[in-house]
Amino acid sequence: MNKIKKKLSSSQIIILGFAAVILLGSLLLMLPISTRNGQGASFPDALFTATSAVCVTGLIVQDTATYWSFFGQIVIITLIQIGGMGVVTIAMALFAVSGRRISLKQRSTMQEAISAPKVGGIVRLTGFIIRMTILFELAGAAVMAPSFCSEFGLLKGLWYALFHSISAFCNAGFDLMGSKMPCSSLTYYADDPAINLAVMSLIVIGGIGFMTWDDIKINRQNFRRYRMQSKVILITTLLLILLPALYFFLFEFSNAPLGRRTWLSLFQSVTPRTAGFNTADLTQFSEAGVAIMIILMLIGGSPGSTAGGMKTTTLAVMFSASLSVFRRQEHPHFFGRRIDTDTVRNTLTILTMYLVPFLTGSFLISRMERLPLLTCLFETASAIGTVGLTLGITPDLGLVSQGILILLMYFGRVGGLTLIFAALSGSQSQTARLPLEKLTVG
């Protein structure tokens, strides 16, 4: 085993780690104790649910509250916690607690998993991530507890508060509201300020990335001293919340009272990146509203966070690169800092790697299931962006279509570049250059 570990690259360790946790979770969910009927889940249902939980997506084929037992719900929320924080982060924390020495290879793997700029201080950073995760999740549960306890009683209310806090922070979108009405998500709490603020805050905090937390902790209100990446993430995140919220406020919820309209607009703007909760009936959205949510789901959260998607930095680099062409500048830049060519190339690669499986999966599901293409685009964007929002078609899809969503969820969580680096690990880079010839584009 030690020889195998030494041969594996960091990318391969991350990929295999997620796969192993998904498989273990599937086996646990197949146990009779995991379901309310005492028969255990079928392998396809268990595999889909475990993949959705570990990949913090939130798409389901069985209602979480009514189908899974308390044990099954514990398995699901544990898988969400592992998937949100990252398999490598959890492993590093266990190594640190047990007092075992953490090797340079393990530190390097952790660096790649959370998109840290350097290996130095990675153990300290892991401890910081664990502490802050526990703090935020407990704080979120405390804010939501009064609302849930008043409705469900003390013990059940506390469990609901903790479950939804972890699910929101990890950007998973799993909920237990099926006990009120199947697949209703948080629609019953559209006017509840505590639930709205807690869930939205947890989604944003979990989605901005661990390194951004570290920057905020060190530099606090001194925004000028933040790393360029943190500045880009925070500004892009703010714009991606406010601009869609403005559209939803003006066009999608124009008939709602002002207070409810504001909460609905903000919540539906935050949740597509990439949490999967909803407080409005998404099937009532216009085609334009659905299209905007698809775009938000594909963008996702930020690097090294609990969220999936192409990432906010990818969008920012694409925009800056386009702007540099318009201005006839040699390099894109942010805050007086130049972006290197490799970053721009990686951005274009990520865009292509997300669009191709997203569109291919949509077309295949649409043809096989005879469903409207826009509906299938929404579902596949939700899967590859690890969001979990749905227009209600996932439980009724055939096994092949559900298999496509499983692959998209896994791809979206581990990341396209991670898969490429894992596949090309050990291959030699090409040093010879081919002849140059101009190609006109546009």
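At 30% relative accessibility, K180 counts as partly exposed, a class between buried (under 20% relative accessible area) and exposed (over 50%), with a 1.4 Å probe and protein chains only. The model is predicted: local features need pLDDT of at least 70, side-chain atom pairs count only at pLDDT 80 or more, and totals for chains, interfaces and linings use all residues. Residues are numbered from 1 along each chain as its sequence is written, and side-chain values use heavy atoms, without hydrogens and water.

The structure holds 4 salt bridges, each a side-chain nitrogen of Lys or Arg within 4 Å of a carboxyl oxygen of Asp or Glu. Among them are these:

| Pair | N to O distance |
|---|---|
| K180 and E151 | 2.2 Å |
| R260 and D191 | 2.6 Å |
| D342 and R345 | 3.4 Å |

K180 sits in the loop between α9 (154-169) and α10 (193-207), and its partner E151 in helix α8 (residues 122-152), 29 residues apart. E151 is partly exposed at 38%.

R260 lies in helix α13 (residues 258-270) and D191 in the loop between α9 and α10, so this pair ties together parts 69 residues apart in sequence. R260 is partly exposed at 31%, and D191 is partly exposed at 46%.

D342 and R345 are 3 residues apart in helix α16, and therefore separated by about one helical turn. D342 is partly exposed, at 45%, whereas R345 is exposed, at 55%.

For the protein chain, buried residues make up 53% of the 442 residues. Helices (H or I, at least four residues) and strands (E, at least two) are DSSP runs numbered from the N terminus; the chain has 19 helices and 2 strands.
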